[in-house]
Amino acid sequence: VVPLQSIHEGDLVKVLKGSSIPADGRVMFGEMSVDESMITGESIPVLKTKGAIVLGGTICAEAGQSAGAAFVEVTGVGAATALSQIVKL
């Protein structure tokens, strides 16, 4: 576990079931179902596999069967996240 302020673009973060995704990114290893209801209003979790985009602040509802986690490469933090851009609207 590291402080959110220590996460930078290009970092690889491990996302566990039930945890909040700390920053925008792309799934690099594993798969997860993500609750994106705070962004999209959709109540059903969306399956994210390798290469899929995930948004910071959304929740990992389920993680891959074997590892119990998915690994995400960070593509945006702070003001560079999709959620931050939505808030600015």
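Here are a few notes on this structure, which is a predicted model.

1. Let's start with the core. The largest nonpolar core has 15 residues, and the members that touch the most others are Val13, Val15, Ile21, Val27, Met32, Val54 and Val72. Four strands each give at least two residues to this core: E1 (12-16), E3 (32-35), E6 (59-63) and E7 (69-76). E7 supplies the largest share, with three residues. As background, nonpolar side chains in soluble globular proteins tend to be buried together.

2. Now pick out Val13 and look at what surrounds it. Beyond its neighbours within four places in sequence, Val13 is in contact with Ile7, Pro22, Ala70, Phe71, Val72 and Val74.

3. Zoom in on E3 and E4. These two run antiparallel and are joined by three bridges. If you want a spot to check, find Ser33: its bridge partner in E4 is Leu47.

4. Last, have a look at Glu36. Where does Glu36 sit? You'll find Glu36 in the loop between E3 and helix H1 (37-40). Is Glu36 buried or exposed? Its relative accessibility is 10%, so Glu36 counts as buried, the cut-off for buried being under 20%. The Glu36 side chain also makes a polar contact with the side chain of Lys48, at 3.1 Å. Setting aside neighbours within four places in sequence, the residues in contact with Glu36 are Gly41, Glu42, Val46, Lys48 and Thr58.

Conventions
Residues are numbered from 1 along each chain as its sequence is written. This is a predicted model: local features need pLDDT of at least 70, side-chain atom pairs count only at pLDDT 80 or more; totals for chains, interfaces and linings use all residues. Side-chain values use heavy atoms; hydrogens and water are left out. A nonpolar core is a set of buried Ala, Val, Leu, Ile, Met, Phe, Trp, Tyr and Cys residues joined through side-chain atoms within 4.5 Å. Buried means under 20% relative accessible area, exposed over 50%, partly exposed in between (1.4 Å probe, protein chains only). Contact means heavy atoms within 4.5 Å. A polar contact is a pair of N or O atoms within 3.5 Å; within protein, one must be able to donate a hydrogen and the other to accept it, and residues adjacent in sequence count only if both atoms are side-chain atoms. Two strands pair if DSSP finds at least two bridges between them.
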